[in-house]
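Subject: Structure handover

Hello,

I am passing this structure on to you. Please have a look at it first; my notes on what was found follow below.

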Amino acid sequence: MSDLADFEFPRNKIYACTTAEIPNIFQGIGKQQAGIYVKAMYSNPDFSDGVIKPTQRTTVVILKRFVDYLKYMDDQKFK
């Protein structure tokens, strides 16, 4: 089993999910926390390209950008 931080996404495919599916993919992130992260990600101009809102109730998250955002948050936590 590979560590998620080292996971490489294939270049010819885009992996995405809804906000509600994030807890099923990332162990330790609950529904509320996923919503908070996605909302903050959408508000951040550097990461907003990873969030697509086709309707008012549907939010699609590009997983590679979500992982990038988690790494960014990890780097920023003590600054």
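Two strands are said to pair if DSSP finds at least two bridges between them. Please keep in mind that this is a predicted model.

Three strands, in the order β1-β3-β2, form an open sheet with antiparallel pairing. Its edge strands are β1 (16–18) and β2, each of which pairs on one side only. Between β1 and strand β3 (residues 60–62) there are 3 bridges, again in the antiparallel sense. Within this pairing, Cys17 stands opposite Val61 in β3.

Is Thr19 buried or exposed? Its relative accessible area is 17%, and buried means under 20%, so Thr19 is buried.

Next, the helices. Helix α3 lies across β1 and β3 and runs at about 70 degrees to β3. The axes of α2 and α3 come within 11 Å and cross at roughly 90 degrees, which makes α2 roughly perpendicular to α3. On the α2 side the contact is made by Tyr37, Val38, Ala40 and Met41. On the α3 side Arg65, Phe66, Tyr69, Leu70 and Met73 take part.

Then the aromatic rings. The count comes to 5 aromatic pairs. One of them joins Phe47 and Tyr72: the pair is tilted, with 5.0 Å centre to centre and 50 degrees between the planes. Why does this pair tie together parts that are apart in sequence? Phe47 lies in the loop between α2 (31–43) and β2 (51–52), whereas Tyr72 lies in helix α3 (residues 63–76), so the parts tied together are 25 residues apart in sequence. The two partners can also be described by their accessibility. Phe47 counts as buried at 8% relative accessibility, while Tyr72, at 31%, is partly exposed.

Ring pairs also link Phe26, Tyr37 and Phe66 into a cluster.

Finally, a charge over a ring: the charged end of Lys53 sits over the ring of Tyr42, 5.3 Å from its centre.

Best regards

Definitions and conventions. Residues numbered from 1 in each chain as written. Predicted model: local features only at pLDDT ≥ 70, side-chain atom pairs only at ≥ 80, totals over all residues. Heavy atoms only, no water. Phe/Tyr/Trp six-rings, centres within 6.5 Å; stacked < 30°, edge-to-face > 60°. Helix = DSSP H or I, 4+ residues; strand = E, 2+ residues; numbered from the N terminus. Buried < 20%, exposed > 50% of the residue type's maximum accessible area, 1.4 Å probe, protein only. Lys NZ or Arg CZ within 6 Å of the ring centre and 35° of its normal. Contact = heavy atoms within 4.5 Å. Axes fitted to C-alpha atoms, helices over the stretch in contact; angles between N-to-C directions. Parallel < 35°, antiparallel > 145°, perpendicular 65-115°, else oblique.
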